[in-house]
Amino acid sequence: LPIVAGTVALMYDVYPDITPDEVKQILQDTADDISHIPENQPYLDGLGAGRLNAYAAVLTAKCTYENDPNPDLDLMMQNSTDDFGVEPDTKTDVIWNSPDIWVRNQPDGHLYKQSEDLEYTSSEDPVYVYVRVTNDSCQESSGQDDLELYWAKGGLYQQWPQVWDGSSNTGNLEIGNLVQTLNIPALSPGESTIVEFEWTPQNPSSYEAEGFEKPWMFCFLSRIVSSDDLMTTP
């Protein structure tokens, strides 16, 4: 396939002495498992190692050739498609359009990686927020890192940590808080994981009654908390 040939060419570019056996092994080891996709169930015997992950394959080849060029762990989420993990991020203009956070009204975000408009039904019915974390380094993560997800009412001045951490809440109508802290599983170089959060939104009509602008708008912010990958900026 052309996409595989292109990936192999990039692997040779970062690792000129790579052997055909090494190419094959890396492609197989870094492939994404797609056996869980319902439409693939009739074809489980023909899926091979899975779906090509070009990024993980090229990064693994580079890490192998350069013998660990960067000894530090680097877990990342993109603020935008212009964000390639350089900190601080000076490239992102529209910060509310991260490709690594999406919201669904049902727990299907591992398959459908795009946001839906939230539908509030009751205080008992959650919506689902998905956050993708990628290991952008040559180090395998420990599996002891955490991912925090926060929410804040849209249309407010939202400089961290105010609003997001709940310190601005007064009365019974929250305008922000921590949703949940969940574990980030161990990730090999170039590997990604998707973490699923459940969140029960406040009734938008409650904000409307209080005169809030954009009562239907909510925002999310996620933070990686790791003793092996400290934040460079708060």
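These are my notebook entries on a predicted model of one protein.

**Entry 1: the whole chain**

I began with the overall make-up. I found four helices and seven strands. Reading along the sequence, I wrote down the pattern α-α-α-β-β-β-β-β-β-α-β. I then looked up the extent of the C-alpha trace. Along the principal axes it spans about 65 × 45 × 30 Å. The chain has 234 residues, and 38% of them count as buried. I also checked how far apart in sequence the contacts reach. Among contacts with a separation of 6 or more, 65% are between residues 24 or more positions apart.

**Entry 2: helices α1 and α3**

Next I turned to a pair of helices. How do the axes of α1 and α3 cross? Helix α1 covers residues 2–14 and helix α3 covers residues 54–66. Their axes come within 8 Å and cross at roughly 20°. That angle is under 35 degrees, so α1 counts as roughly parallel to α3. The crossing is right-handed. I listed the residues that make the contact. From α1 they are T7, L10, M11 and V14. From α3 they are A54, A57, V58, A61, K62 and Y65. Sorted by class, this contact holds eight nonpolar residues, one polar and one charged.

**Entry 3: aromatic rings**

I looked for ring pairs and got a count of nine aromatic pairs. I took W102 and Y130 as a case to study. Their ring centres are 6.3 Å apart, and their planes meet at 10°. Planes under 30 degrees apart count as stacked, so this pair is stacked. Where do the two residues lie? W102 is in strand β2, residues 101–104, and Y130 is in strand β3, residues 127–135. The pair therefore ties together parts that are 28 residues apart in sequence. I checked the accessibility of each partner. W102 has 1% relative accessibility and counts as buried. Y130 has 0% and counts as buried too.

I also noted a cluster linked by ring pairs. Its members are W151, W199, Y207, F212, F218 and F220.

**Entry 4: S222**

I picked a serine in a strand. S222 sits in β7, which runs over residues 218–225. Is S222 buried or exposed? Its relative accessible area is 14%. The cut-off for buried is under 20%, so S222 is buried. I then asked which residues S222 is in contact with, leaving aside neighbours within four places in sequence. The list is M77, I101, V131, L147, E148 and L149.

**Entry 5: L187**

I moved on to a loop residue. L187 lies in the loop between β5 (176–184) and β6 (192–199). Its relative accessible area is 1%, so L187 is buried. Not counting residues up to four places away in sequence, L187 touches L75, V133, N135, Q139, E140, S141, S192 and T193.

**Entry 6: two cis peptide bonds**

I checked the backbone next. Most peptide bonds are trans. The bond from E87 to P88 is cis, with omega near -5°. P88 belongs to the loop between β1 (75–76) and β2. W160 and P161 are joined by a cis peptide bond as well, and here omega is about 5°. I placed P161 in the loop between β4 (145–153) and β5.

Last, I looked at phi. Most residues other than glycine have a negative phi. What is the phi of V163? It is near 70°, a positive value in a residue other than glycine. V163 is in the loop between β4 and β5. I read 6% relative accessibility for V163, so V163 counts as buried. K214 also has a positive phi, near 50°. I found K214 in the loop between α4 (204–209) and β7. Is K214 buried or partly exposed? With 41% relative accessibility, K214 counts as partly exposed.

Conventions: Residues numbered from 1 in each chain as written. Predicted model: local features only at pLDDT ≥ 70, side-chain atom pairs only at ≥ 80, totals over all residues. Heavy atoms only, no water. Buried < 20%, exposed > 50% of the residue type's maximum accessible area, 1.4 Å probe, protein only. Contact = heavy atoms within 4.5 Å. Axes fitted to C-alpha atoms, helices over the stretch in contact; angles between N-to-C directions. Parallel < 35°, antiparallel > 145°, perpendicular 65-115°, else oblique. Left-handed = near helix turned anticlockwise from the far one by under 90°. Nonpolar A, V, L, I, M, F, W, Y, C, P; charged D, E, K, R; others polar. Phe/Tyr/Trp six-rings, centres within 6.5 Å; stacked < 30°, edge-to-face > 60°.
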